[in-house]
Amino acid sequence: MLQELTRQLIKLLNNRIMAIPIFEDFLYPFLKFVGEKDMSTKEMRQAMINHFHLTEEDCDLTTRSGSTNQLADRLGWARQYLRRALLIDIPNRGTYRISERGKDYLTTHTDLRKKDLMEYPEFAAYANGSLSTPFVNIP
């Protein structure tokens, strides 16, 4: 009985510690959502809250430094990585649109990780610190 309670408590604590998934977990849903329609930052935030079943307390969590909201941080990194891989466009500030490359990706994949993005030379150059990384459709 005590072992079972301990196991459940550890699981509960781990779930609370990792309430906001790592940013890589945001990549595929972000791309899938913009594959359905252009989305604003606000709409994307709400879509991710619904997708990950985040509570209000989850949404209030900050990064370890305490200076940034975790959800905004994860969304920002996902947006940056998808944009650098040319899978999404940003036609206007705060508006996300899937690119042709992004549409092609969705037709053949059901997951998306950083290692998948490394297959795109534009993203690989960015990830490897190349200063000559081109940008397309940046307002």
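User: Which residues form one aromatic cluster with Trp 77?
Analyst: This is a predicted model. A search of the whole structure finds 8 aromatic pairs. One cluster holds Trp 77 together with Phe 23, Tyr 81, Phe 123 and Tyr 126.

User: How are the rings of Phe 23 and Tyr 81 arranged?
Analyst: Their centres are 4.9 Å apart, and their planes stand at 75°. Planes over 60 degrees apart count as edge-to-face. The pair of Phe 23 and Tyr 81 is therefore edge-to-face.

User: How many residues apart in sequence are the parts that Phe 23 and Tyr 81 tie together?
Analyst: Phe 23 lies in the loop between α1 and α2. Tyr 81 belongs to helix α5, residues 70-84. Both residues are buried. The pair ties together parts whose separation in sequence is 58 residues.

User: Are the rings of Phe 30 and Tyr 96 stacked, edge-to-face or tilted?
Analyst: Here the centres lie 5.3 Å apart and the planes meet at 55°. Stacked needs planes under 30 degrees apart, edge-to-face over 60. The pair of Phe 30 and Tyr 96 is therefore tilted.

User: Where is Tyr 96, the partner of Phe 30?
Analyst: Phe 30 sits in helix α2, and the two residues are 66 residues apart. Both Phe 30 and Tyr 96 are buried. The pair links distant parts of the chain, with Tyr 96 in strand β3.

User: What is the orientation of α2 and α3 to each other?
Analyst: The two helices pack at an angle of about 120°, with axes 11 Å apart. Their crossing is right-handed. Angles of 65 to 115 degrees count as roughly perpendicular, and those over 145 as roughly antiparallel. α2 and α3 are therefore oblique.

User: How many residues of the contact of α2 with α3 are nonpolar?
Analyst: From α2, the contact includes Phe 26, Pro 29 and Phe 30. From α3, Met 44, Ala 47 and Met 48 are among the contact residues. The contact has 1 polar residue and 1 charged, while the nonpolar ones number 9.

User: Is His 53 buried or exposed?
Analyst: His 53 is found in the loop between α3 and α4. Its phi is positive, near 55°, although it is not glycine. Exposed means over 50% relative accessible area. His 53 has 68% relative accessibility, so it counts as exposed.

User: Is Leu 86 buried or exposed?
Analyst: Leu 86 lies in the loop between α5 and β2. Its phi is about 60°, positive in a residue that is not a glycine. Most residues other than glycine have a negative phi. At 16% relative accessibility, Leu 86 counts as buried.

Note on methods
Residues are numbered from 1 along each chain as its sequence is written. This is a predicted model: local features need pLDDT of at least 70, side-chain atom pairs count only at pLDDT 80 or more; totals for chains, interfaces and linings use all residues. Side-chain values use heavy atoms; hydrogens and water are left out. Rings of Phe, Tyr and Trp (its six-membered ring) pair if their centres lie within 6.5 Å; planes under 30 degrees apart count as stacked, over 60 as edge-to-face and the rest as tilted. Helices (H or I, at least four residues) and strands (E, at least two) are DSSP runs, numbered from the N terminus. Buried means under 20% relative accessible area, exposed over 50%, partly exposed in between (1.4 Å probe, protein chains only). Axes are lines fitted to C-alpha atoms, for helices over the stretch in contact, and angles run from 0 to 180 degrees between N-to-C directions. Angles under 35 degrees count as roughly parallel, over 145 as roughly antiparallel, 65 to 115 as roughly perpendicular and the rest as oblique. A crossing is left-handed if the near helix is turned anticlockwise from the far one by less than a right angle, and right-handed if clockwise. Contact means heavy atoms within 4.5 Å. Ala, Val, Leu, Ile, Met, Phe, Trp, Tyr, Cys and Pro count as nonpolar, Asp, Glu, Lys and Arg as charged, and the others, Gly among them, as polar.
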